[in-house]
Amino acid sequence: MWTILKQQIWRWRGVLITVPTVAGGLLLLRLTGALQLMELVALDQMFRLRPAEPVDARIVLVTIDESDVKQLAQWPMSDAVLAQLITSIKQQQPSVIGLDIFRDLPVEPGQQALANVFTTTPNLIGIENVIKAGNGEIIPAPPLLKQRDQVSASDLLLDKDGRVRRSLLYLRTQDDRSIFTLGARLAFFYLDKQGIYRQSLNPEQTNFRLGRAVFTPLQPDEGGYVGMDAGGYQILANFPKFPPGFHTVSLTDVLQGRLPHDLLRDRIVLIGVTAESLKDKFFTSYTTDSTAVPAGVEVHALLTSQLLSAALNGRSLLHTWSEPMECLWIVVWSTVGAIIGWTASSPRQTVLKVVLLGITLGGGAYILFLMGWWIITVPPLLALAGSAIMSNSYLLWENLKEYARTLEQKVEERTLNLEQEIVERKQAEATLSQQKQLLQTIVDHIPVMITLYDATGHIEFVNHQFEKVLGWSAADVQNIDLVAECSSDSEQRQQILDHMLAAKGTWLDLKIRTKDDRLVNTAWANVQLNNHLFVGIGQDISDRKRAEEASILDERNRMAREIHDTLAQAFTGILLHVGAATEQLIKKPATAQTHLETVDELARSGLAEARRSVTALRPKLLEEGNLFDALKHLTNQMKLSANTQITCEIIGAAYTLAPNVENHLLRIGQEALTNAVKYAHASQINVELICEDSQCLLRVKDNGQGFDIDQVSLSKGFGLLGMSERVEQIGGELVIQSHPGQGTEIVVVVSRE
């Protein structure tokens, strides 16, 4: 028997060690209050996840917000205004009125009128501050209401993080009086009128029945609380969830007679401030946004609603387990976690089981919460995870020791094999060294530039041709950022890095700086050797660039000659025939008609030649600079010839587009500027070039006379037709927005690619 017991103890030794260690440690932590805040936060989350409930129609709030304070033009409001407010509310015969406003001192004018209202309103409940504030002072109730026993306490209980999670039903004053809080007094007053009274269930009168609910005072260590001050009669705040809030009427609406008919009849009415400047705000478990913090009057109303729903509708109060039951709950989950960790075949399986059981624990606690039970979740979750980790770690340690003993035997065998491998490796290294020298000789004599670089773009090696063309040696690249040295333009540096790391094998022409500060035209292609190493191959294309520039110059000269031979000759012919037609117009009309027909033919031929030449030519502005510089130059010219305020700006970092795209964008901008000045008579034009990561936008906006887009046909507006055709040729998108008298906005969107 003893032998079997010892075997079982040894078999489950990990569980027997883990459970007392983890569970005991967590119980000690819980006794010190270290887990209290986490448990309260978990409770808040369950409150926020609960379903919304219908708004309690038995309660109406009369609020005083910032607009009401401005309307009154003073704060506190005068006794006369307060008397008028209460009188207006009384006319609809509410069940009870709660005044959540301190009025211990008169505020003239109207003191006598307010006194008359106090003495003639038996269902009016005022407030006083019972618990001393930080300055050691309390605020007394209105004397007349206190004489008539129509006062309650306005005090609210705040946890250490400033939230209201507990509610006071009554407490003792400094002169040893028992006083209900405002929310409780209003609920009891309402229930008393319906014949529902408190019934004591024990001699100490701490437990009592109220309608369908039984109330038990909160103890210092209930739920997630540890060592809490349980003074007065406290219960857990199980406030209902009303997303829209209570039915609310503003003070101004009441005073100006805009109160709906019979809205307040037989209802509980609370009067209180909600203005931000009066700082009467309190966080609850539902509060997640600092801009939507409920006011004190709303918190009192929530307690009233909670008590009414519990007594009349059987809505659950929030209950907790006893302290021994909660300790056993922690031990049970610690045991479950230890068994999982000790029996799991792998850490991954342990994690999976812990996660599933953790979800089960949280889901079960949430379901019990909806049924009115607050079950602690943080200590059991920590016990589950901690025990699983500890027992599984112990199991892995035991397995590791066994593996270590087996490994020692294998090490001896492996040592003999390694000695043989070392000899073979030295022979392989000698062969590799010879091959490396051969490869180095080949690389150094290849007539192209070669670089090796890592995944960050750092260049680790260059060959002799690279040093010959650019001046940077293999030793130089180890100590400098070569990409930064080769280019002073941050945009070009990023372009170089993107091309290097893309490693697509495509060629990119770059003008880079040499070590002696010269600029050299080069072309580069990059490929990836493995996950960490890339190779770049470059060529010096300076001669090719010079040849291209010479070819461009020849082409320009050819186009100039062609324009001279076609357009100039056509215009000359037109002038001659116009002169001849002028002379014959009166004397010989038939002859003049022949000349005019010839002029028409020459004009059409010249126009066709002009269009063909324009298509073949790229604007000089784009040859000498980028698109933004060309637009800037264009707007400067326009400002000199027109009495119009024109601005041109770039948004984002400029980059180069395809030549035909830049040409079409420039011409579209030119056409839009001309139309805005000539036809729209605009006094202000804004030109923007927006350079984004994936697309480029040209926006021209004016404040001219505008037009109705639906009434303008593209076939009749040559400028708009030209814009549309140009945008279509570059695969872009044209957006025109205009209305008569409201200006025009033209936006062209093209892809960066």
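Tutor: Let us start with a definition: a residue is called buried if its relative accessible area is under 20%. Keep in mind throughout that this is a predicted model.

Student: Why is Y453 called buried?

Tutor: Its relative accessibility is 0%, and the cut-off asks for a value under 20%, so Y453 counts as buried.

Student: Which strands pair with strand 17, and in what sense do they run?

Tutor: Strand 17 is joined to strand 21 by 6 bridges, and these two strands run antiparallel; within this pairing, L452 has V535 of strand 21 as its bridge partner. Strand 17 also pairs with strand 18, residues 459–462, in the antiparallel sense over 3 bridges, and here Y453 stands opposite I459. Strands 17 and 18 form a hairpin with 4 residues between them, and G457 in the turn has a positive phi of about 90 degrees.

Student: How many aromatic pairs does the structure hold?

Tutor: There are 14 aromatic pairs. In one of them, the rings of F47 and Y286 have centres 5.5 Å apart and planes at 85 degrees.

Student: Why is the pair of F47 and Y286 called edge-to-face?

Tutor: Two rings pair if their centres lie within 6.5 Å, and planes over 60 degrees apart count as edge-to-face; with centres 5.5 Å apart and planes at 85 degrees, F47 and Y286 meet both conditions, so the pair is edge-to-face. The pair links distant parts of the chain, because F47 lies in helix 3 while Y286 lies in the loop between strand 14 and helix 10, 239 residues apart. Both F47 and Y286 are buried.

Student: What makes the pair of Y453 and F534 stacked?

Tutor: Planes under 30 degrees apart count as stacked, and the rings of Y453 and F534 have their planes at 10 degrees and their centres 5.4 Å apart, so this pair is stacked. F534 is buried, with a relative accessible area of 5%.

Student: Which residues do ring pairs link into a cluster?

Tutor: The cluster consists of Y170, F180, F188, F208, F215 and Y233. F208, which lies in strand 9, counts as buried at 6% relative accessibility. Leaving aside neighbours within four places in sequence, F208 is in contact with residues including L169, R198, F215 and Y233.

Student: Where does the charged end of R198 sit?

Tutor: The charged end of R198 sits over the ring of F188, 4.5 Å from its centre. In a further case, the charged end of R752 sits over the ring of Y655, 3.8 Å from the ring centre.

Student: How do you know that C691 and C696 are too far apart for a bond?

Tutor: A disulfide needs two cysteine sulfur atoms within 2.5 Å, whereas the sulfur of C691 is 4.4 Å from the closest cysteine sulfur, in C696, and is therefore too far for a bond. By this rule the count comes to 0 disulfides. C691 is buried, with a relative accessible area of 10%.

Terms used:
Residues are numbered from 1 along each chain as its sequence is written. This is a predicted model: local features need pLDDT of at least 70, side-chain atom pairs count only at pLDDT 80 or more; totals for chains, interfaces and linings use all residues. Side-chain values use heavy atoms; hydrogens and water are left out. Rings of Phe, Tyr and Trp (its six-membered ring) pair if their centres lie within 6.5 Å; planes under 30 degrees apart count as stacked, over 60 as edge-to-face and the rest as tilted. Buried means under 20% relative accessible area, exposed over 50%, partly exposed in between (1.4 Å probe, protein chains only). A charge sits over a ring if NZ of Lys or CZ of Arg is within 6 Å of the ring centre and within 35 degrees of the ring normal. Two strands pair if DSSP finds at least two bridges between them. Contact means heavy atoms within 4.5 Å.
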